[in-house]
Amino acid sequence: MRLYRIPLLLEQLFPNRLWEGPRTERSLYLTFDDGPVPGITDFVIEQLAKRSQVATFFMVGDNARKHPSLLHEVVTAGHGVGNHTQHHLAGWKVSTPRYLLDIQLCDETLASVLGDAPGLFRPPYGWMSPFQASAVAKEKKIVMWSLLGRDFDSSLSSAQCLQGICKRTSMGKILVLHDQEKTLTQVKNILPDYLDFLIDQGFTTQVIPKF
Ligand SMILES: [Zn+2]
(Lines give C-alpha, C1' and ligand atoms only; values in the text may rest on other atoms or scores of the structure.)
Protein backbone atom coordinates (compact mmCIF):
# COMPACT_ATOMS: atom_id res chain seq x y z
CA MET A 1 0.00 0.00 0.00
CA ARG A 2 1.31 3.41 -0.87
CA LEU A 3 1.33 5.89 1.97
CA TYR A 4 -0.51 9.06 0.99
CA ARG A 5 -2.03 9.83 4.36
CA ILE A 6 -0.16 10.39 7.61
CA PRO A 7 -1.11 7.74 10.19
CA LEU A 8 -3.25 9.06 13.04
CA LEU A 9 -0.64 7.92 15.56
CA LEU A 10 1.90 10.41 14.19
CA GLU A 11 -0.60 13.23 14.53
CA GLN A 12 -1.15 12.27 18.17
CA LEU A 13 2.60 12.05 18.87
CA PHE A 14 3.23 15.56 17.58
CA PRO A 15 0.21 17.61 18.65
CA ASN A 16 2.04 20.96 18.40
CA ARG A 17 2.26 20.57 14.65
CA LEU A 18 -0.44 21.49 12.18
CA TRP A 19 -1.45 18.44 10.13
CA GLU A 20 -4.82 19.48 8.81
CA GLY A 21 -7.16 22.48 8.67
CA PRO A 22 -10.74 22.61 9.97
CA ARG A 23 -13.03 20.02 8.40
CA THR A 24 -16.04 22.29 8.66
CA GLU A 25 -15.68 24.13 5.36
CA ARG A 26 -14.99 22.95 1.85
CA SER A 27 -11.45 24.28 2.11
CA LEU A 28 -8.21 22.73 1.04
CA TYR A 29 -4.64 23.87 1.69
CA LEU A 30 -2.26 23.49 -1.25
CA THR A 31 1.42 23.66 -0.35
CA PHE A 32 4.51 23.65 -2.58
CA ASP A 33 7.92 22.81 -1.12
CA ASP A 34 11.53 23.45 -2.21
CA GLY A 35 11.17 26.37 -4.65
CA PRO A 36 11.26 28.94 -5.93
CA VAL A 37 12.67 27.43 -9.12
CA PRO A 38 12.32 29.01 -12.59
CA GLY A 39 10.25 26.94 -15.02
CA ILE A 40 8.04 25.44 -12.33
CA THR A 41 7.23 28.04 -9.65
CA ASP A 42 6.14 30.48 -12.36
CA PHE A 43 4.03 27.71 -13.93
CA VAL A 44 2.34 27.02 -10.58
CA ILE A 45 1.65 30.73 -10.01
CA GLU A 46 0.12 31.02 -13.48
CA GLN A 47 -2.13 27.96 -13.06
CA LEU A 48 -3.36 29.20 -9.67
CA ALA A 49 -3.98 32.70 -11.02
CA LYS A 50 -6.02 31.38 -13.98
CA ARG A 51 -8.43 29.83 -11.51
CA SER A 52 -8.21 32.41 -8.69
CA GLN A 53 -6.77 29.84 -6.29
CA VAL A 54 -4.06 30.23 -3.65
CA ALA A 55 -1.28 28.16 -2.08
CA THR A 56 1.46 28.33 0.53
CA PHE A 57 5.06 27.99 -0.67
CA PHE A 58 7.63 26.54 1.74
CA MET A 59 10.76 28.00 0.25
CA VAL A 60 14.38 26.99 0.44
CA GLY A 61 16.13 30.26 1.31
CA ASP A 62 19.00 29.65 -1.08
CA ASN A 63 16.56 29.28 -3.98
CA ALA A 64 14.75 32.48 -2.95
CA ARG A 65 18.13 34.22 -2.79
CA LYS A 66 18.90 33.10 -6.37
CA HIS A 67 15.42 33.91 -7.68
CA PRO A 68 14.05 36.88 -5.72
CA SER A 69 11.71 37.86 -8.54
CA LEU A 70 9.85 34.55 -8.14
CA LEU A 71 9.52 35.13 -4.39
CA HIS A 72 8.20 38.57 -5.23
CA GLU A 73 5.65 37.13 -7.67
CA VAL A 74 4.43 34.62 -5.08
CA VAL A 75 3.90 37.38 -2.53
CA THR A 76 2.27 39.80 -4.97
CA ALA A 77 -0.19 37.11 -6.05
CA GLY A 78 -1.38 36.78 -2.43
CA HIS A 79 0.07 33.34 -1.69
CA GLY A 80 1.55 32.33 1.64
CA VAL A 81 5.28 31.85 2.23
CA GLY A 82 6.89 29.58 4.79
CA ASN A 83 10.47 28.78 5.83
CA HIS A 84 11.96 25.44 4.64
CA THR A 85 15.54 26.19 5.86
CA GLN A 86 18.22 27.98 3.83
CA HIS A 87 19.87 24.80 2.47
CA HIS A 88 17.16 22.11 2.75
CA LEU A 89 18.88 20.63 5.80
CA ALA A 90 18.10 17.16 7.11
CA GLY A 91 17.54 17.57 10.86
CA TRP A 92 19.18 14.22 11.67
CA LYS A 93 22.47 15.26 10.05
CA VAL A 94 23.12 18.49 11.96
CA SER A 95 23.18 19.84 15.51
CA THR A 96 20.28 21.91 16.84
CA PRO A 97 22.28 25.20 16.78
CA ARG A 98 23.31 24.55 13.16
CA TYR A 99 19.70 23.74 12.24
CA LEU A 100 18.37 26.89 13.91
CA LEU A 101 21.02 29.01 12.23
CA ASP A 102 19.95 27.70 8.82
CA ILE A 103 16.33 28.59 9.62
CA GLN A 104 17.46 32.06 10.65
CA LEU A 105 19.35 32.50 7.37
CA CYS A 106 16.20 31.52 5.48
CA ASP A 107 14.18 34.02 7.58
CA GLU A 108 16.61 36.77 6.64
CA THR A 109 16.47 35.90 2.92
CA LEU A 110 12.68 35.78 2.87
CA ALA A 111 12.29 38.89 5.05
CA SER A 112 14.25 40.91 2.51
CA VAL A 113 11.20 40.64 0.23
CA LEU A 114 8.39 39.88 2.70
CA GLY A 115 9.35 42.58 5.16
CA ASP A 116 8.99 40.11 8.06
CA ALA A 117 10.24 36.61 8.79
CA PRO A 118 7.52 34.07 7.95
CA GLY A 119 5.60 32.57 10.86
CA LEU A 120 5.34 29.15 9.20
CA PHE A 121 7.95 26.42 9.03
CA ARG A 122 8.04 22.99 7.41
CA PRO A 123 11.01 20.71 8.14
CA PRO A 124 12.74 19.28 5.04
CA TYR A 125 12.01 15.52 4.77
CA GLY A 126 9.30 16.05 7.40
CA TRP A 127 11.80 15.34 10.17
CA MET A 128 13.31 17.23 13.11
CA SER A 129 14.74 16.02 16.40
CA PRO A 130 12.56 16.72 19.45
CA PHE A 131 15.07 19.44 20.51
CA GLN A 132 14.96 21.08 17.12
CA ALA A 133 11.17 20.88 17.04
CA SER A 134 10.64 22.41 20.46
CA ALA A 135 13.07 25.26 19.69
CA VAL A 136 11.35 26.00 16.37
CA ALA A 137 7.84 25.78 17.87
CA LYS A 138 8.62 28.73 20.16
CA GLU A 139 8.91 31.00 17.14
CA LYS A 140 6.90 29.42 14.37
CA LYS A 141 3.92 27.30 13.49
CA ILE A 142 5.20 23.93 12.29
CA VAL A 143 3.15 22.86 9.30
CA MET A 144 3.10 19.20 8.30
CA TRP A 145 0.56 17.66 5.90
CA SER A 146 -2.28 15.20 5.68
CA LEU A 147 -1.99 14.37 1.98
CA LEU A 148 1.29 13.62 0.26
CA GLY A 149 1.06 14.25 -3.47
CA ARG A 150 3.75 11.65 -4.36
CA ASP A 151 4.80 13.89 -7.25
CA PHE A 152 8.41 12.72 -6.61
CA ASP A 153 7.55 9.02 -7.10
CA SER A 154 8.86 8.16 -10.58
CA SER A 155 7.10 4.77 -10.53
CA LEU A 156 3.73 6.55 -10.78
CA SER A 157 2.32 7.73 -14.09
CA SER A 158 0.75 11.18 -14.10
CA ALA A 159 -2.69 9.58 -14.29
CA GLN A 160 -1.97 7.38 -11.25
CA CYS A 161 -0.54 10.30 -9.31
CA LEU A 162 -3.54 12.50 -10.08
CA GLN A 163 -5.98 9.72 -9.28
CA GLY A 164 -4.27 9.07 -5.94
CA ILE A 165 -4.60 12.70 -4.90
CA CYS A 166 -8.17 13.16 -6.14
CA LYS A 167 -9.33 10.03 -4.34
CA ARG A 168 -7.95 11.28 -1.02
CA THR A 169 -9.04 14.90 -1.31
CA SER A 170 -11.39 15.95 1.45
CA MET A 171 -12.21 18.99 3.60
CA GLY A 172 -9.30 20.58 5.46
CA LYS A 173 -6.55 18.49 3.85
CA ILE A 174 -3.07 19.98 3.61
CA LEU A 175 -1.60 18.69 0.34
CA VAL A 176 2.14 18.70 -0.38
CA LEU A 177 3.50 19.07 -3.89
CA HIS A 178 6.95 20.29 -4.91
CA ASP A 179 8.04 23.13 -7.18
CA GLN A 180 11.51 21.84 -7.95
CA GLU A 181 13.41 20.28 -10.89
CA LYS A 182 12.76 16.63 -10.00
CA THR A 183 8.98 17.04 -9.91
CA LEU A 184 8.67 19.57 -12.71
CA THR A 185 7.20 17.22 -15.32
CA GLN A 186 4.79 15.51 -12.95
CA VAL A 187 3.51 18.78 -11.45
CA LYS A 188 3.06 20.28 -14.90
CA ASN A 189 1.07 17.23 -15.93
CA ILE A 190 -1.20 16.99 -12.92
CA LEU A 191 -1.70 20.48 -11.49
CA PRO A 192 -4.08 21.96 -14.12
CA ASP A 193 -6.36 18.89 -13.94
CA TYR A 194 -6.20 18.76 -10.16
CA LEU A 195 -7.16 22.43 -9.81
CA ASP A 196 -10.08 21.88 -12.20
CA PHE A 197 -11.11 18.84 -10.15
CA LEU A 198 -11.09 20.93 -6.94
CA ILE A 199 -13.25 23.62 -8.52
CA ASP A 200 -15.67 21.02 -9.94
CA GLN A 201 -15.99 19.49 -6.50
CA GLY A 202 -16.73 22.87 -4.91
CA PHE A 203 -13.47 23.21 -2.98
CA THR A 204 -11.79 26.55 -2.32
CA THR A 205 -8.07 26.73 -1.63
CA GLN A 206 -6.85 28.75 1.35
CA VAL A 207 -3.49 30.08 2.46
CA ILE A 208 -2.31 28.52 5.72
CA PRO A 209 -2.98 31.14 8.39
CA LYS A 210 -0.05 32.79 10.11
CA PHE A 211 0.93 32.09 13.70
ZN1 LIG B 1 11.68 19.89 0.94
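Trainee: Which residues does leucine 89 touch, not counting those up to four places away in sequence?
Mentor: In this predicted model, leucine 89 touches Val94, Tyr99, Asp102 and Pro124.

Trainee: Where is leucine 89 found?
Mentor: Leucine 89 sits in the loop between β4 (80-83) and α5.

Trainee: Is leucine 89 buried or exposed?
Mentor: Leucine 89 is buried, because 22 other C-beta atoms lie within 10 Å and the cut-off for burial is 20 or more.

Trainee: What separation do the C-alpha atoms of leucine 89 and valine 60 have?
Mentor: They are separated by 9.5 Å, with the two residues 29 apart along the chain.

Trainee: Turning to helices, how do the axes of α5 and α6 meet?
Mentor: The axes of α5 (residues 96-114) and α6 (residues 130-137) come within 10 Å and cross at roughly 40°. The two helices are therefore oblique to each other, and the crossing is right-handed.

Trainee: Which residues make that contact?
Mentor: From α5 there are Thr96, Tyr99, Leu100 and Ile103, and from α6 there are Phe131, Gln132, Ala135 and Val136. Six of the contact residues are nonpolar, two are polar and none is charged. Tyr99 of α5 is also one of the residues that leucine 89 touches.

Trainee: How many residues does the largest nonpolar core have?
Mentor: That core has 48 residues, and those with the most contacts inside it are Phe57, Met59, Leu175 and Tyr194. Helix α8 (residues 184-200) gives the most to this core, with six residues.

Trainee: What does methionine 59 touch, beyond residues up to four places away in sequence?
Mentor: Methionine 59 touches Gly35, Pro36, Ala64, Leu71, Val81, His84 and Leu110.

Trainee: Which form does the peptide bond from glycine 35 to proline 36 take, cis or trans?
Mentor: The bond is cis, with omega near 0°. Proline 36 lies in the loop between β2 (27-33) and α2 (41-50). Most peptide bonds are trans.

Trainee: Let us move to phi angles. What is the phi of threonine 85, and what is that of arginine 150?
Mentor: Threonine 85 has a positive phi of about 70°, and arginine 150 has a positive phi of about 55°. Neither residue is a glycine. Most residues other than glycine have a negative phi.

Trainee: Where are threonine 85 and arginine 150 placed?
Mentor: Threonine 85 is in the loop between β4 and α5 and counts as buried, with 27 C-beta neighbours inside 10 Å. Arginine 150 is in the loop between β7 (147-148) and α7 (158-168); arginine 150 is partly exposed, with 19 other C-beta atoms within 10 Å.

Key:
Residues numbered from 1 in each chain as written. Predicted model: local features only at pLDDT ≥ 70, side-chain atom pairs only at ≥ 80, totals over all residues. Axes fitted to C-alpha atoms, helices over the stretch in contact; angles between N-to-C directions. Helix = DSSP H or I, 4+ residues; strand = E, 2+ residues; numbered from the N terminus. Parallel < 35°, antiparallel > 145°, perpendicular 65-115°, else oblique. Left-handed = near helix turned anticlockwise from the far one by under 90°. Contact = placed C-beta atoms within 7 Å. Nonpolar A, V, L, I, M, F, W, Y, C, P; charged D, E, K, R; others polar. Core = buried A, V, L, I, M, F, W, Y, C linked by C-beta atoms within 7 Å. Buried ≥ 20, exposed ≤ 12 C-beta atoms within 10 Å, placed from the backbone.
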